[in-house]
Amino acid sequence: MDKKRCTAVVLAAGSGKRMRSGMAKQFMTLGGRPLLWYSLQAVERSAIIHDCVLVTGEKDIPYVRAEILERYGFRKAAAVIAGGGERYESVYNALRAIAEGCLPEPNRDGYVFIHDGARPFLSENILESAYRNVVRYRACVAAVPVKDTVKIADKAGFVVQTPDRSRLWAVQTPQVFETALITEAYRKLFLRLEMGEAVSVTDDAMVLETMSGIPVKLVEASYKNIKITTPEDLRMAESLLQEENSPTHFARCDAAFLD
């Protein structure tokens with residue numbers, strides 16, 4: 001049986017206030033290219049992903065089309081749409097666009113890979129692993145085991161609990177779901193919000209957990225799959241990029257391939 005259709009939703013509508021820059025972080029340069037370029041390049045090269053919906057600020061759409069998609073020849077980004085004021089609004093805009101036929105080929109019974117455009121180190125290994133798991137479990141998220149001990153504090157800043165570190169994971173993106181499943185979960189979320197209910201969700205997995213109760217599988221990804229949020233993150237990303245481009249890195253990759 002043919003592989004079901006896989007659509008990436010790349011989120012690049014944030015303002016990047018914590019970057020302390022007049023430019024949105026997704027357009028800041030990393031290794032001489034816009035930060036957003038890296039996620040789109042991973043999508044473009046992927047054998048898993050068929051097409052892409054790119055979500056950005058409404059005023060940035062012409063710039064993104066001309067200076068990123070056309071300039072670098074990205075073909076899989078079949079739709080560029082405006083995001084919302086919050087991340088969950090941007091995701092829902094993308095899911096509705098998919099449902100309403102914004103793509104050249106429909107994706108109603110396939111999968112969506114929701115990814116932050118500010119995570120430049122998305123790899124094909126992560127995408128392949130996520131695909132295997134979403135086929136089996138219907139919903140999965142990239143994540144890594146937490147290395148540090150985590151404390152839960154009260155409002156005054158005193159420790160009230162130390163959870164078992166062996167059960168803690170730091171969640172990343174992509175977060176991957178059956179298209180119909182996550183679209184319905186978001187529809188229910190917005191119905192509740194429109195009714196005036198207070199619903200707190202921090203990521204797409206939490207939307208599904210809250211609205212459907214369906215379990216979400218954690219897929220071990222990479223500690224390099226960092227999100228660029230602060231100037232310190234950008235400096236770390238530059239170091240990681242230099243390491244990936246170094247001759248010793250390629251030598252290690254060649255040795256691993258030969259083994």
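Strand 1 runs parallel to strand 6 (residues 111–116), and six bridges join the two; strands count as paired here if DSSP finds at least two bridges between them. Strand 1 also runs parallel to strand 4 (residues 51–56), again through six bridges. Keep in mind that this is a predicted model, where local features need pLDDT of at least 70, side-chain atom pairs count only at pLDDT 80 or more, and totals for chains, interfaces and linings use all residues. Residues are numbered from 1 along each chain as its sequence is written, and side-chain values use heavy atoms, with hydrogens and water left out.

- Helices (H or I, at least four residues) and strands (E, at least two) are DSSP runs, numbered from the N terminus.
- On the strand 6 side, Val9 sits opposite Ile114.
- On the strand 4 side, Ala12 sits opposite Thr56.
- Strand 1 covers residues 6–12, and seven of its seven residues are buried (buried is under 20% relative accessible area, exposed over 50%, partly exposed in between, with a 1.4 Å probe and protein chains only).
- Cys6, Ala8, Val10 and Ala12 point one way, while Thr7, Val9 and Leu11 point the other way.

**Aromatic pairs**

- Searching the whole structure turns up eight aromatic pairs (ring centres of Phe, Tyr and Trp, the last by its six-membered ring, within 6.5 Å; planes under 30 degrees apart are stacked, over 60 edge-to-face, the rest tilted).
- One of them is Tyr88 with Phe190, a tilted pair at 5.8 Å centre to centre and 55° between the planes.
- Tyr88 belongs to helix 3 (residues 87–99) and Phe190 to helix 5 (residues 179–194), so this pair ties together parts 102 residues apart in sequence.
- Tyr88 counts as partly exposed because its relative accessibility is 26%, whereas Phe190, at 14%, counts as buried.
- Tyr111 and Tyr131 make an edge-to-face pair, 5.8 Å centre to centre with 90° between the planes.
- Tyr111 is in strand 6 and Tyr131 in helix 4 (residues 124–137), so the pair ties together parts 20 residues apart in sequence.
- Both Tyr111 and Tyr131 are buried.
- Trp37, Tyr38, Tyr72 and Phe74 are linked into a cluster by ring pairs.

**Charges over rings**

- Lys3 lies over the face of Tyr131, 5.2 Å from the ring centre (the criterion is NZ of Lys or CZ of Arg within 6 Å of the ring centre and within 35 degrees of the ring normal).
- Arg33 puts its charged end over the ring of Trp37, 4.2 Å from its centre.
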